[in-house]
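Let's walk through this one together, question by question. Have a look at the picture first.

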Amino acid sequence: STIDAEDILAKANSKNEILDVAIGLSVGVGQYAGVALAGNIASNIIDNDTQINISASTLKAHDTLAVLASSKEKLENYGGGLSVGVGTSAAGVAVGATVVTNTITSDTDALIANSDLVALGAGNGIKLAEHKSVKTSSKADPDPVDDYEKYELQETSASIATAKKGLVVDAQAEHVLRDISITGGVAVGSAAGVAVDATVIINSITGSTSAQINSTDINKTNEALTNANVFVNAYDKADISSHLDTISVGAAGEGAGVGAAGAGDRNTVQRNTVARIVGKADGTTALNGNSVTVDSLGYTKIHLSETGLAAGASAIAGAAVTGAVSVNRFAGNTTALVSNVKGTVHELAVDANRLTDIKTYNNAISLSGGIVGASVSVGVTDVEDTSHTNAELSHAVLSTDGADNSKIEVKAENNTQLATELSADSLEISLGESWGVAVSNVNMEAQVGAKLDAVTLGGAEQEFSAVTVEANNNTYSKFQNVAVAAGSVLGVGVGHGV
C-alpha cells in the first residue's frame, strides 16, 4: 500500500488465560484392609501467535509510524490429591499421585519487510511501556555471601513513559505461569500401614518475540532528520512460580509402618528475543535518522520450591523414603542486530540485554520409628543455562550528522542471579539407620558477545565523538547444600552432600 499521513499506526494485541483447579480425594476404611487411591492429572496448554506485518509498502508519516505487537499469557494450575486408608484389623494402604504439565508456547512479532518508509517525528509521538535492566546495589565487600551487585527489572507504564517519535517497531510479550500442587497420603492399620505418594510437575515456556525491519529503506530522502528517530524494540518476560509438596504417612500398631514420598519438577524456558534492522545483501538499503535505537531485553524469573516428607512408624518396624528432584533448563537467544545498511545518523545504539532471576528451594525429609527401622532422604537440584546474548553492527557504512556528541554504541550484557537451597534430612528413632543425600549440579554456560564487523563509521572530516563496543557477562550464585542424618537409641546416621 501507499500512505501519506500525519500518523500511521498498525498493531496486533492478544491476551490468553487458563485457570485450572482440581483435587482428587479418596478414603478407604475396612475391617481387615482399607485401601484408598487418589489421583489428579492435568495438562494445560496455551499456544498463541500474535503478528503484525507490513510488506511491499510505501509509507510516509510526518509524525510517527508505529508498528506494534503485544501479547500476554497467564496459566494457573492449583490442585493435588489426598488419600486416606484405614484397616481396623489388618492393613491400611494409601496411594496418591499428581501429574501436571503446564505449557506456554507463543510467537509475538512486529515485522516490516521490502518497503520504503519515511517517519519525520514532527508531532507528539507515541507512548509505550518501557522495561530496563537496572543495577539496584553495588558490591562493597567481596567477602559476605549476600553482598553482590544486584539487578532487577524496572518497568515504566505507558502513561508516564517518554513518547517515541519517528519510526517505532515494538514487540512486547509476557508469559506468566503459576502452579501449586500438593499430594498427601495417610495409611493406618493394626498390622501394617503403607502410604505411597508422588507429585510430578512439568513447566515449559517456549517461543520467540521479535521486532524486525528487513530489506526496507528508512528515510531514504534524508530530509528533516532533527526528530526523525528510529526505535526498534523487543521485550520478552517469562515468569514461573511453582511450588509442590508430597506428604506420606504410614503407621501400624504392631507390624510395619511405611511412608514413601516423591516430589519432582522440570522447568524449561527457551525464548528467543530479537530486535533487528537488516538491509539487502548488496548494502544499498538506507538508514537515516537522528537517534536510532535497536534494543532487545529478555527477562526470566523462576521461583521454585519442592518438598517431600515421608514418615513410617510402628511398634515393631518403621521405614521412610523420600526423594525431591528439581531439573531446570534455560536456553534461547537475545539478539540486537543492525546489518547491511548505509546512511547518516546522529547516534546509534545496538543493545542486547538478558536478565535472569532464579531461586530454588528443595527439601527431602524422612522420619521413621520402631524397634527396627530405616529412613532415607535424597534431594537433587540440577540447573543448566546455555543462553546466548549478542549485539552486532556489521556490513554498514554510517556517517555522522556533524552535530556534537554523536556516538555509536554496541553493547551486550547478561546478568544472572542464582540462589539454590537444598536439604536432605533423615531421622531414625530406635534401632536402625538413616541416610541423607543432597546433590546439587549447576552448569552455567551463558555466552555474551558484542562486535563490529566490516563497518565504516564517519569520514576524514566528520567523525563520531564516541564509539563503544562492550560485552558483560555477570553471574552471581549462592548455594546452600545440607545433608543431615540422625539416629537415636542405637541408630546410625549418615549424611552426604555433593
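Student: Which residues does L167 touch, leaving out those up to four places away in sequence?
Tutor: Touching here means contact, that is, heavy atoms within 4.5 Å. Keep in mind that this is a predicted model, where local features need pLDDT of at least 70, side-chain atom pairs count only at pLDDT 80 or more, and totals for chains, interfaces and linings use all residues. Residues are numbered from 1 along each chain as its sequence is written, and side-chain values use heavy atoms, with hydrogens and water left out. With that, the partners of L167 are L65, I112, L117, A119, I213, I218, N229, V230 and F231.

Student: Is T300 buried or exposed?
Tutor: Buried means under 20% relative accessible area, exposed over 50%, and partly exposed in between (1.4 Å probe, protein chains only). T300 has a relative accessible area of 10%, so T300 is buried.

Student: Then which residues does T300 touch, not counting those up to four places away in sequence?
Tutor: T300 sits in strand 15, residues 289-314 (strands are DSSP runs of E, at least two residues, numbered from the N terminus). Its contacts are A238, V269, F330, L355, T356 and D357.

Student: How far apart in space are T300 and S89?
Tutor: Along the sequence, 211 residues separate T300 and S89. In space, C-alpha to C-alpha, the distance is 54 Å.

Terms used
Helices (H or I, at least four residues) and strands (E, at least two) are DSSP runs, numbered from the N terminus.
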